[in-house]
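Here is a short briefing on one protein chain. Please look over the sequence and the model before reading on.

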Amino acid sequence: MRRTRAAVAGLASSLLLAVGVVALSPPASAASLVEVTNFGNNPGGMRMHIYVPDNRPANPAIVVAMHGCGGSGPGFYSGSEFASLSNQYGFIVIYPSAMQEAGFGKCFDTWSDASKRRGGGSDPVSIESMVNYARTQYGADINRVYATGSSSGGMMTQHMLAVYPDLFKAGASFMGVPFNCFANAAAYPPGGPCTNGSMNRTPQQWGDMVRAAYPGYTGPRPPIQLWHGTNDTLVPYSLLQESIEQWTNVHGLSQNPTSTDTPQANWNRRRFGTQVEAYAIQGAGHSLPSSGMARVAIQFFGLDRTTPPTTPPVNPTTPPATGNPTSPPTTPPVTPTVSPTVPPGSASEIRGAQSGRCVDVPNASRSNGTRVQLYDCNRQTNQSWTYTSDRQLRVYGDMCLDAAGSGNGAAVQIYGCHGQANQQWNVNSNGTISGVQSGRCLDAWSTANGAQIQLYDCHGQTNQRFSLTPVG
């Protein structure tokens, strides 16, 4: 059906009221939404708000909740039920605010080339920084990070699961589109081939796009819950099927559902194993999530099955954030002390204390710039590191562990040895390995095979502790 731009713009305005700034009752808690102005690497120029419930476990889960085009993090906080659910179940909610112009206003960047590859830049890297901030500042559990969102935020949910499959453990996408549906910003609603009702790719084509976002990744893929209204004309209902095809292909599942049911009136659900769940909401337009749907998403994440939250003990080295922090969180000082158990010149594996997996060069690559990862320990040459007297960690004899930057989230890679400070490392008595140039520690944000190693502020938790064990 042809629609005038004026009619579509009017629809968009009403939808912003429906999904971005609905005046729901505020969460019943003394906790409040706090803006964080210095959360780390922010190539997308985004704003970050965070809601930390008063009662929570010592290591709470994180839910990243994302608004629709023209909305904002505070608007989605007020207009959705995630904050009230966090009071009940004790998880932290991060509310990013998109700042990229597209379609009907500021939208999450799911169209640029930079956003479509892991670590490429733009909004995905900014969101990753927000998660790392919450982990460091509040002791959040990096193994329980989830994404959800509405419209543009639903699109970004599927996007983040493709680009950062080792960071996000599951997602719930409301009125989203498959990863890499948009070729550019002009393709955002109301125009462009993604949302004009003609998009039709094969499951294999969709799946290949996800796999190309993080080449070489062999770890588990996050489960996903998909929601769409059958009368949605802004983001066509037909895109629900395209998303199903993408994610069932990624998970190696049949296109035929393993079960179908109607959990509530007008909610038709299809399940594809335990990894993909799709809801067709009969008669609904572009107006999700409506009442009760956020709770179903939290149940899908498994966050309703946690033990009753308790207020964590105060950690004097990591105070809760208040107001607008202007400096990174403080961390305990680390005294560089070379481990006496590994004399310089010994070939060793670098085994993670949290994961039990080893620092590994993917596919035994010898290419400069190859990022190192965690992988099952196998005593092969691509996991054999020699700590030298000049504090290098060498692999293959002539390539060094190398920091591609000095900030939080900087890539850790291999590169030809050149003796500069970004290739020098302190093996510390508390099990951390810190860069001489940056003072930051090797950090694994996941325990899965394929989880990449990065630099991050030293805090001494198990995801930053490693043992160097002689290979011979």
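This is a predicted model: local features need pLDDT of at least 70, side-chain atom pairs count only at pLDDT 80 or more; totals for chains, interfaces and linings use all residues.

The protein chain holds eight helices and 24 strands. Of its 472 residues, 54% count as buried. Among contacts in the chain with a separation of 6 or more, 69% join residues 24 or more positions apart.

**The open sheet**

- An open sheet is built from 10 strands, with mixed pairing.
- The strand order is β1-β2-β4-β3-β7-β8-β9-β12-β11-β10.
- β1 (33-36) and β10 (259-264) are the edge strands, and each pairs on one side only.
- From one strand to the next, the twist averages 20°.
- Strands in a sheet pair through backbone hydrogen bonds, in a parallel or an antiparallel sense.
- Strand β3 (residues 62-66) pairs with strand β4 (residues 92-97) in the parallel sense, over three bridges.
- Within this pair, Val 63 has Val 93 of β4 as its bridge partner.

- β10 and strand β11 (residues 267-272) run antiparallel and are joined by four bridges.
- Asp 261 stands opposite Arg 269 of β11.
- The hairpin of β10 and β11 has two residues between the strands.
- In that hairpin, Asn 266 adopts a positive phi near 75°.
- β11 also pairs with strand β12 (residues 276-281), in the antiparallel sense and over six bridges.
- Here the bridge partner of Arg 269 is Tyr 279 in β12.
- Three residues lie between the strands in the hairpin of β11 and β12.
- Gly 273 takes a positive phi near 60° in this hairpin.

**Helices against the sheet and each other**

- A packed helix pair is described by the angle between the two axes and the distance between them.
- For helix α6 (residues 203-213) and helix α7 (residues 238-250), the axes come within 8 Å and cross at roughly 65°.
- The α6 and α7 crossing is right-handed.
- From α6, the contact uses Pro 203, Gln 204, Trp 206, Gly 207, Asp 208, Val 210 and Arg 211.
- From α7, the contact uses Glu 242, Glu 245, Gln 246, Trp 247, Asn 249 and Val 250.
- By class, this contact of α6 with α7 has five nonpolar, four polar and four charged residues.

**Salt bridges**

- Side chains of opposite charge can pair when their charged atoms come close.
- The count of salt bridges comes to 10.
- Asp 443 and Arg 135 form one of them, with the closest N and O atoms 2.7 Å apart.
- This pair links distant parts of the chain, 308 residues apart.
- Asp 443 sits in strand β22 (residues 441-444), and Arg 135 sits in helix α4 (residues 122-138).
- Asp 443 and Arg 135 are both buried.
- Asp 208 and Arg 211 also meet in a salt bridge, at 2.8 Å from N to O.
- Asp 208 and Arg 211 are separated by about one helical turn because they are three residues apart in helix α6.
- Asp 208 has 36% relative accessibility, so it counts as partly exposed.
- The side chains of Glu 349 and Arg 351 meet in a further salt bridge, at 2.7 Å from N to O.
- Glu 349 counts as buried because its relative accessibility is 5%.
- Arg 351, at 30% relative accessibility, counts as partly exposed.

**A loop position**

- Where does Asn 184 lie? Asn 184 lies in the loop between β8 and α6.
- Asn 184 has a relative accessible area of 39%, so it is partly exposed.
- Thr 110 is 74 residues from Asn 184 in sequence.
- In space, Asn 184 and Thr 110 are 8.3 Å apart, C-alpha to C-alpha.

Terms used. Residues are numbered from 1 along each chain as its sequence is written. Side-chain values use heavy atoms; hydrogens and water are left out. Axes are lines fitted to C-alpha atoms, for helices over the stretch in contact, and angles run from 0 to 180 degrees between N-to-C directions. A crossing is left-handed if the near helix is turned anticlockwise from the far one by less than a right angle, and right-handed if clockwise. Contact means heavy atoms within 4.5 Å. Ala, Val, Leu, Ile, Met, Phe, Trp, Tyr, Cys and Pro count as nonpolar, Asp, Glu, Lys and Arg as charged, and the others, Gly among them, as polar. A salt bridge is a side-chain nitrogen of Lys or Arg within 4 Å of a carboxyl oxygen of Asp or Glu. Buried means under 20% relative accessible area, exposed over 50%, partly exposed in between (1.4 Å probe, protein chains only). Two strands pair if DSSP finds at least two bridges between them.
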